[in-house]
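The following exercises are to be worked with the sequence and the coordinates at hand. Each task is followed by a stepwise solution.

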Amino acid sequence: MSREEQVAPDILASTLVVDAVEGGLARVEREDGHLEDWPLASLPRGVCEGDVIRLRVEGGDLEMEIDHELTRTRRRQAQAQLDALNSGGTAQEIDL
């Protein structure tokens, strides 16, 4: 039996990435790349731009939490990509 077959069918898991926060809304990117505006109050307290949020739906209940480790990993990767671009001799540097 594969891992997918072992997960109960009423359990769904997914992630969101917070693209922007403005006013009472957060623009989030779903795993399929779609962008949506969510009420900031519906997301975990203290959420910031760039945070990765883990979603889990089980038996109709939705749980959300910020994945701090994955968020740090993504930020380090993005900074490394920008550093590589900046080292290419462009006139202006970009920092996160």
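**Exercise 1.** How many bridges join β1 to β2, and do these strands run parallel or antiparallel?

*Solution.* The model is predicted: local features need pLDDT of at least 70, side-chain atom pairs count only at pLDDT 80 or more, and totals for chains, interfaces and linings use all residues. Residues are numbered from 1 along each chain as its sequence is written, and side-chain values use heavy atoms, with hydrogens and water left out.

Step 1. Helices (H or I, at least four residues) and strands (E, at least two) are DSSP runs, numbered from the N terminus. Two strands pair if DSSP finds at least two bridges between them.

Step 2. β1 and β2 run antiparallel and are joined by 6 bridges. V17 has E29 in β2 as its bridge partner.

Step 3. The hairpin of β1 and β2 has 2 residues between the strands, and G23 takes a positive phi near 60 degrees there.

**Exercise 2.** Determine the strand order of the sheet and the placement of the helix on it.

*Solution.* Step 1. The open sheet comprises 5 strands in the order β3-β2-β1-β4-β5, with antiparallel pairing. β3 (35–39) and β5 (61–66) each have a single partner strand, so one side of each lacks a neighbour in the sheet.

Step 2. On average, neighbouring strands of this sheet are turned by 35 degrees against each other, direction ignored. Axes are lines fitted to C-alpha atoms, for helices over the stretch in contact, and angles run from 0 to 180 degrees between N-to-C directions.

Step 3. Helix α2 (residues 68–86) packs on the sheet and touches β1, β4 and β5, where contact means heavy atoms within 4.5 Å. The direction of α2 makes about 145 degrees with that of β4.

Step 4. β2 and β3 are antiparallel, with 5 bridges between them; L25 stands opposite P39 in β3. In their hairpin, with 4 residues between the strands, G33 takes a positive phi near 90 degrees.

**Exercise 3.** Is T15 buried or exposed, and which side chain does T15 join in a polar contact?

*Solution.* Step 1. T15 lies in strand β1 (residues 11–22). Its relative accessible area is 14%, so T15 counts as buried (under 20%; exposed is over 50%, partly exposed in between; 1.4 Å probe, protein chains only).

Step 2. The side chains of T15 and E31 are joined by a polar contact of 3.0 Å. Such a contact is a pair of N or O atoms within 3.5 Å; within protein, one must be able to donate a hydrogen and the other to accept it, and residues adjacent in sequence count only if both atoms are side-chain atoms.
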